[in-house]
Each structure stands twice: as C-alpha cells, then as structure tokens.
Amino acid sequence: MNVPEKPSHQEYRSGHELVGILPEKEAKKIEAYMEAVEKGEFTPVEPRFASTVMIVRNTPEPPYKPRFHSKAAAEDRIAPPNGIEVFMMRRQNSMAFLPDAVVFPGGRVDPADADPALPWEGPTPAQWAERIGKDEVTTRQIIVAAVREVFEESGILLAGTPDGKILTDVTGDEWLAERKALADHQQSFASMLIRRNLVLRSDLLCFHSNFITPEYSPKRYDTFFFSALCPEGQDADDKSRETYIADWVEPQWALDMVDAGTLTMVPVTIYHLGMIARSNNLQDLVTADKTAKPFMFRPYRTEDGTIVNKGILP
C-alpha cells in the first residue's frame with residue numbers, strides 16, 4: 001500500500017480508501033492498542049453523539065478581498081475553483097480534544113437538545129431519523145446540536161420567525177450574551193428560541209456523512225456532518241472563546257496549508273474540504289442530502305512497519 005506524501009494527494013471520494021498518516025507519538029499509542037486487542041484486553045469508550053456544520057457561501061463580489069484564497073496553479077488544485085468559501089476555526093491549543101486543529105463549527109449533543117417543546121420548522125425529527133439512521137429522540141438532539149453549536153461558535157443562527165422569514169441580523173451585545181449563556185449551560189436552545197418567538201429551521205441543513213472516532217481514542221464521538229448556506233444578511237465571526245482564529249477560507253487554500261504543514265487538520269476535515277472543493281457550485285453542495293453510512297478509521301500496519309489509519313469511504 002502506497003501512503004500519499006501529502007494529505008490532499010488522496011482520493012477523498014466515495015468508495016476510495018482513505019489513509020491517515022499518524023505522527024510518531026500517536027503511532028506508539030495505537031501499537032499498544034493493537035496489542036491489547038489481539039490479547040482480548042481492550043474495551044473501547046462508548047462514543048458520544050455530536051454534530052458538525054460546514055457553513056458555506058459564495059465569495060462576495062468586490063470590493064470584498066478574499067484573505068484566504070489559494071494561489072496554487074491549476075495543475076496543483078484538486079478541482080477547478082468554484083467560488084465557494086467555508087467558515088473554519090482554529091481551536092485553542094489548550095482544548096482537550098483536537099487542540100490547535102482547524103475545524104468546522106460543531107460539538108457534542110446536550111440532553112437539553114432533546115426538548116420536544118423547541119419550536120421547529122422543516123423536516124421533522126422523524127423524517128431526519130430516516131436519513132441519518134438513528135431513533136427520533138437521538139435525531140432531534142443531533143439536529144438541535146448542529147444549529148445550537150453553529151450559533152455558539154460562529155454567530156450564524158439557522159432560525160426564523162413563525163411566518164417563515166429567516167433571520168438576517170443576529171449581531172450586537174444581546175446576541176453575544178445569548179451565545180455565552182448557551183455555552184455556559186445557563187439556558188437551553190429551546191428556551192432561547194421560545195423567549196424570542198423564533199423557530200429552528202431544519203430545512204437549512206443538508207446531511208453529508210457520519211464519522212465515528214476510532215476505537216483506540218480515549219475521547220470518542222459519533223459525529224454527523226451537515227452543510228448550511230450562510231443566511232443572507234448574516235456573517236460568521238471569531239468571537240467563540242474555544243478558538244483563536246476563525247474566518248472564511250477557500251477549501252483549496254486550507255488544503256495547501258495542510259500540505260505545507262502550516263495547519264493541523266484531521267483526515268475527516270480534509271475529506272469534507274475535498275467534498276466542498278469538488279462541488280460544481282454552492283447549490284449542488286447544500287442540496288445533496290445523503291443516507292448515513294457510518295465510517296470509522298481502523299489502524300493498519302504497512303509492509304515497512306508504519307502504522308496508519310485507513311478505511312473505505314462510504
């Protein structure tokens with residue numbers, strides 16, 4: 001098996017084998033895990049449900065000047081430019097999970113996300129359950145967590161008024177206070193929407209994939225990945241305390257930085273960046289709902305003794 005030299009040199013497409021090259025310190029831990037499995041002495045941690053959302057938009061017209069767009073030659077790109085930007089964040093290096101990694105907004109579900117009183121518009125939890133393959137209560141939590149986490153971490157609120165209008169302005173100190181109260185668990189997402197006479201808009205989400213953290217990890221998540229078009233009039237920001245860099249980027253630029261070793265990014269994130277970069281246009285990306293086929297990396301020792309993660313993409 002040939003291990004690609006650079007992350008973006010792999011085929012991040014359905015049915016292809018994805019190989020994750022591991023740093024030396026990580027490989028040593030996995031070697032111990034593999035030995036424990038062989039002896040029947042390993043019990044994996046039960047993964048917690050989580051949601052991640054790729055907030056996307058078309059590159060704004062001039063005088064907007066993109067800060068993070070690739071200068072790579074056409075032959076070095078994984079796909080022709082499609083004008084799509086995605087909001088990404090670099091996590092604080094003090095975080096327990098994926099420190100310093102560049103990620104999309106997201107996080108684990110909260111028990112309060114299951115509140116049936118939460119005002120809801122769009123496909124129902126039962127309809128979403130058919131798409132993502134979970135029971136209705138769990139599905140409700142996953143969808144609510146997706147919308148809540150995006151709001152907490154980027155300031156984008158996928159909600160609207162009871163008459164069907166999508167929110168266009170959620171800036172200002174009052175909205176920042178709402179985000180902080182959510183992050184501090186001082187209020188639930190349902191209580192905030194009810195108090196403000198708003199409804200969650202599940203129709204603004206598009207489901208793409210379900211990735212599960214490998215068994216050897218001490219922190220495991222069963223994560224559902226969605227995309228959502230940034231609502232007109234709203235803009236993402238860098239005011240989340242979990243990150244110290246956050247901005248709109250062209251996927252190819254982010255891949256260039258990972259290849260150069262400038263940014264840290266896990267293979268799952270790289271996979272979804274490739275998905276965005278290869279989309280024909282924004283509309284195709286945010287309407288391509290898929291059926292859940294869970295994916296999980298498994299460690300593998302190559303012929304030369306190198307330990308890598310690999311798996312066939314769904």
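Are Phe211 and Tyr271 buried or exposed?

Modeller: Phe211 is buried, and Tyr271 is buried too. Buried means under 20% relative accessible area, exposed means over 50%, and partly exposed covers what lies in between, with a 1.4 Å probe and protein chains only. First, the ground rules. This is a predicted model, where local features need pLDDT of at least 70, side-chain atom pairs count only at pLDDT 80 or more, and totals for chains, interfaces and linings use all residues. Residues are numbered from 1 along each chain as its sequence is written, and side-chain values use heavy atoms, with hydrogens and water left out.

Now the rings. Rings of Phe, Tyr and Trp (its six-membered ring) pair if their centres lie within 6.5 Å; planes under 30 degrees apart are stacked, over 60 edge-to-face, and the rest tilted. The count is twelve aromatic pairs. Take Phe211 and Phe225: the ring centres are 5.9 Å apart and the planes stand at 75°, so this pair is edge-to-face. Phe211 belongs to strand 9 (residues 206-212) and Phe225 to strand 10 (residues 221-229), 14 residues apart. Helices (H or I, at least four residues) and strands (E, at least two) are DSSP runs, numbered from the N terminus. Phe225 is buried, as is Phe211.

Phe211 also pairs with Tyr271. Their ring centres lie 5.3 Å apart with planes at 45°, so the pair is tilted. Tyr271 sits in helix 7 (residues 267-278) and Phe211 in strand 9, so the pair ties together parts 60 residues apart in sequence. One aromatic cluster takes in Phe211, Phe225, Tyr271, Phe295 and Phe297.

Charges meet rings as well. The charged end of Arg131 sits over the ring of Trp128, 4.4 Å from its centre. Arg196 lies over the face of Trp175, 3.8 Å from the ring centre. The rule: NZ of Lys or CZ of Arg within 6 Å of the ring centre and within 35 degrees of the ring normal.

Three strands form an open, antiparallel sheet in the order 1-14-13. Its edge strands are strand 1 (17-21) and strand 13 (298-301), each pairing on one side only. Strands pair if DSSP finds at least two bridges between them. Strand 13 and strand 14 (residues 307-312) pair over four bridges. There, Pro299 stands opposite Asn309 in strand 14.
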